[in-house]
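Q: I'd like to learn how to read a sheet and its surroundings in a model like this. Can you walk me through it?

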Amino acid sequence: MKGKEERKERLKWLIKRVLLVIPVACILLWIYAVCQTSSIKDQTKIGVTYMTMNNEFYKSIHSEISRIADEKGALVSVRDPELDEKRQSQQIDDFCAQKVNVIVINPVKGDSQPILRALKKARKQGIKIIAVDTQLKHFKPDASIVSDNYQAGVLIAKELMKRSSNARILLLEHKGTVSADTRIQGFKDTIKGHGSYQIISELETKGQTEIAMPAVRKFLQSGGNVDTLVALNDRSAIGALAAIKEQGITHPIAIYGIDGSPDMKALLHSTDDVVGTVAQSPLKMGDRVMEVIQDMTAGKSYQKEITIPVQMMTKENIDHFDVNGWQ
């Protein structure tokens, strides 16, 4: 009988302890939920849209942005408009709906009305805008981070003029993209007044290997005669090289690109197929994007216009660079 009474008392004691623990557990769960909600609320949301992800240059920029964002606890959403300006404008609208804090844009076209309208809507919503790698026309972003694109064109022209007293030149372009237009303009301005350097033709390639190759093939098949090819980027330069080899062209054509991509550096290092490339630094570009975003979201002052230096790579100095990756 005594044992039965003891068991009853012990059961009562256990029930009291459980009843005491339940409110404490509820309070702890509530505190945890509040902390989690606060953390999510305070998390910086970044929307990123590049003109295309079919380019290792943009993938390299984004890998650096993602790496630093992960370290800082920021949330990054990336979109690929595949060179479609309307699709990119829709992506900006999606970022607005997601209520991101910052939009990082590499515009398909710098003066695209759908893109500019979408960016103006985002700005009215209080979203910060950062242009990366190329600028926008008729719209001033909160910050822009680009390579010295004009100087890239100047460097190629100077290298060409140093190597040859004359040239018949084919230009590969991506019209409407400010960075590409600026590179070509730097080249043109530098050879201006030197009549022995003639631009024979200009082809649209959108900076893509798969567009450059058939465009250059068609040019060569139509009897186009050049000894120098200047491309807005390495991808189009490599497409041109493929077309030249395919057509069995025997006279030398000096090929110049811009990017300093691993593929172009490998060609410089181990072949005579290309003459030079002007190196950009997508890793440094991604790093500077995140520096600006951190200052923006912390309410600190930040640099609004950042221009990253470029440098000429040739067979003579390629051994000074890492040929296996981006710089």
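**Reading the sheet**

A: Happy to; keep in mind that this is a predicted model. In general, strands of a sheet pair through backbone hydrogen bonds, either parallel or antiparallel. Here, six strands make an open sheet with mixed pairing, and the order is β7-β6-β8-β9-β10-β12.

Q: Which strands stand at the edges of the sheet?

A: Those are β7 (197-204) and β12 (311-314). Each has a single partner strand, so one side of each is left without a neighbour in the sheet.

Q: In which sense do β9 and β10 pair, parallel or antiparallel?

A: Parallel: β9 (residues 254-259) and β10 (residues 276-279) share four bridges.

Q: What does helix α8 touch?

A: Helix α8 (residues 234-246) packs on the sheet and touches β6 (167-173), β8 (228-231), β9 and β10. The direction of α8 makes about 155° with that of β9.

Q: On to the rings: how many aromatic pairs are there?

A: There are three. One of them joins F57 and Y58 edge-to-face, with 5.7 Å centre to centre and 80° between the planes. Both also belong to an aromatic cluster with Y50 and W326.

Q: Are F57 and Y58 buried or exposed?

A: Buried means under 20% relative accessible area. F57 has 2% relative accessibility, so F57 counts as buried; Y58, at 7%, counts as buried too.

Q: Where does the charged end of K304 sit?

A: Over the ring of Y302, 4.5 Å from its centre.

Technical notes. Residues are numbered from 1 along each chain as its sequence is written. This is a predicted model: local features need pLDDT of at least 70, side-chain atom pairs count only at pLDDT 80 or more; totals for chains, interfaces and linings use all residues. Side-chain values use heavy atoms; hydrogens and water are left out. Rings of Phe, Tyr and Trp (its six-membered ring) pair if their centres lie within 6.5 Å; planes under 30 degrees apart count as stacked, over 60 as edge-to-face and the rest as tilted. Buried means under 20% relative accessible area, exposed over 50%, partly exposed in between (1.4 Å probe, protein chains only). A charge sits over a ring if NZ of Lys or CZ of Arg is within 6 Å of the ring centre and within 35 degrees of the ring normal. Two strands pair if DSSP finds at least two bridges between them. Helices (H or I, at least four residues) and strands (E, at least two) are DSSP runs, numbered from the N terminus. Contact means heavy atoms within 4.5 Å. Axes are lines fitted to C-alpha atoms, for helices over the stretch in contact, and angles run from 0 to 180 degrees between N-to-C directions.
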